[in-house]
Amino acid sequence: MKRVLDKTDEKILEELTRNSRLAHNDIAMKVNLSRNAVRLRIERLERDGYIRGYTIIKGMPSSDVGPINALIFVYRKDRMRDSEVVRSVGAMPEIISCNVMSGDLDIVLTVQAMSADRIHRIWNEVSALPGVLNTMTSFVLSSAK
């Protein structure tokens with residue numbers, strides 16, 4: 001006969017449902033038990049069938065969507081003499097083009113990455129380069145050609 005779950009068992013199940021990789025020690029701190037007591041409760045929950053397994057969902061995040069494109073507009077401190085920015089962004093593989101512009105714009109970078117988070121990290125790297133005064137980023141929503 002299966003035991004009835006108490007509030008601590010339910011809290012353990014709730015925490016494992018949220019993140020099944022939580023360490024016993026992390027769960028113990030949340031439910032005010034020792035690490036060993038949590039381990040024993042989890043083993044009992046598995047044995048009684050309340051936990052039937054742990055699942056991995058294999059795949060690449062956003063792989064069904066394809067790459068994300070963005071434009072980063074870069075304004076340099078000294079646009080006539082500062083070519084170090086152009087050399088630095090040339091080493092970043094996700095930057096597929098770097099165009100030095102006339103007029104109000106200084107440099108336009110075309111970025112292609114598998115996630116918005118990766119584009120954000122590239123933007124952080126570019127904006128932290130010495131010689132960069134300011135940046136503006138726009139994500140491509142759709143392409144006509």
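**Entry: before starting.** I reminded myself that this is a predicted model.

**Entry: α1 against α2.** I began with helix α1, residues 7–18, and helix α2, residues 24–31. I found that they pack at an angle of about 135 degrees, and that their axes lie 10 Å apart. I therefore noted α1 and α2 as oblique to each other. I also looked up the handedness, and α1 crosses α2 in a right-handed way. Next I listed who makes the contact: α1 brings T8, K11, I12, E15 and L16, while α2 brings I27, K30 and V31.

**Entry: the buried side of α2.** Which residues of α2 are buried? I wrote down I27, A28 and V31. They sit on the same side of α2, because they cover an arc of only 105 degrees around the axis. I then checked what lies over the buried residues of α2, and the cover includes α1 and α3, the latter being residues 35–47.

**Entry: just past α2.** I stopped at N32, which comes just after α2 and takes a positive phi of about 60 degrees.

**Entry: D9.** I went back to helix α1 for D9. Is D9 buried or exposed? I have D9 down as buried, because its relative accessible area is 0%. Leaving aside neighbours within four places in sequence, I found D9 in contact with R41, R44 and L45.

Conventions: Residues are numbered from 1 along each chain as its sequence is written. This is a predicted model: local features need pLDDT of at least 70, side-chain atom pairs count only at pLDDT 80 or more; totals for chains, interfaces and linings use all residues. Side-chain values use heavy atoms; hydrogens and water are left out. Axes are lines fitted to C-alpha atoms, for helices over the stretch in contact, and angles run from 0 to 180 degrees between N-to-C directions. Helices (H or I, at least four residues) and strands (E, at least two) are DSSP runs, numbered from the N terminus. Angles under 35 degrees count as roughly parallel, over 145 as roughly antiparallel, 65 to 115 as roughly perpendicular and the rest as oblique. A crossing is left-handed if the near helix is turned anticlockwise from the far one by less than a right angle, and right-handed if clockwise. Contact means heavy atoms within 4.5 Å. Buried means under 20% relative accessible area, exposed over 50%, partly exposed in between (1.4 Å probe, protein chains only). The arc is that of the directions from the helix axis to the C-beta atoms.
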